[in-house]
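These are my notebook entries on one structure.

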Amino acid sequence: MTFQPESMDPEEVQSRVNEAIENNDVVLFMKGNRLMPQCGYSAKALELISQYVDEFETVDVLPALPHYRAALDDKSGWETIPQTFVDGEFIGGSDILEELDTRGELEATLTGEN
């Protein structure tokens, strides 16, 4: 797989991040996509979310990784990928999702059922 030069500017990436967070109940910013996660952490986050939610948005950050890192850091204060947002609120990366799952809280966090 070859990576193309970054074709999105920082403003376009910021706009995509904002729209994805605002327009989706659950969104996972990840390296790769559902069919081909490109890192173990992204694969783990995808697996954890998929246990409880059938329909959620994924955004591949690799086409403009530095811009996505900056845009997401503005939203979450978190610089690593993957990042999960539920109802516009930052939840965390795969480690946080795994911790919530271990405590039996992930399904309620993802579905809004408390």
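Entry 1, the sheet. How many bridges join β3 to β4, and do they run parallel or antiparallel? I found three bridges between β3 and β4, and the two strands run antiparallel. I note that the model is predicted, that local features need pLDDT of at least 70 and side-chain atom pairs pLDDT 80 or more, while totals for chains, interfaces and linings use all residues. Residues are numbered from 1 along each chain as its sequence is written, and side-chain values use heavy atoms, with hydrogens and water left out.

For the names, I took helices (H or I, at least four residues) and strands (E, at least two) as DSSP runs, numbered from the N terminus. Two strands count as paired if DSSP finds at least two bridges between them. I then looked up the order of the strands, which is β2-β1-β3-β4 in an open sheet of four strands with mixed pairing. Because β2 (57-60) and β4 each have a single partner strand, they stand at the edges, and one side of each is left without a neighbour in the sheet. From one strand to the next the twist averages 25°; axes here are lines fitted to C-alpha atoms, for helices over the stretch in contact, and angles run from 0 to 180 degrees between N-to-C directions.

Entry 2, the partners of β3. Strand β1 (residues 26-30) is joined to β3 by four bridges, and these two run antiparallel. Val 27 has Phe 85 as its bridge partner in β3. On the β4 side, I recorded Gly 92 as the bridge partner of Thr 84 and Glu 89 as that of Val 86. β3 and β4 form a hairpin with two residues between them, and Asp 87 in the turn has a positive phi of about 50°.

In a regular strand the side chains alternate between the two faces of the sheet. In β3, Gln 83 and Phe 85 point one way and Thr 84 and Val 86 the other way; all are buried (under 20% relative accessible area; exposed is over 50%, partly exposed in between, with a 1.4 Å probe and protein chains only).

Which residues form one aromatic cluster? I found Phe 29, Trp 78, Phe 85 and Phe 90 in it. Rings of Phe, Tyr and Trp (its six-membered ring) pair if their centres lie within 6.5 Å; planes under 30 degrees apart are stacked, over 60 edge-to-face, and the rest tilted. By this rule I count three aromatic pairs. Trp 78 and Phe 90 have ring centres 5.4 Å apart and planes at 55°, so the pair is tilted. This pair links distant parts of the chain, with Trp 78 in the loop between α3 (65-76) and β3 (83-86) and Phe 90 in strand β4 (residues 89-92), twelve residues apart. Phe 85 and Phe 90 also form a tilted pair, at 5.4 Å centre to centre and 55° between the planes. Is Phe 85 buried or exposed? Phe 85 is buried, because its relative accessibility is 2%, whereas Trp 78, at 28%, counts as partly exposed.

I located Leu 46 in helix α2 (residues 40-50). Leu 46 is buried, with a relative accessible area of 9%. Beyond its neighbours within four places in sequence, its contacts (heavy atoms within 4.5 Å) include Leu 28, Arg 34 and Phe 56.
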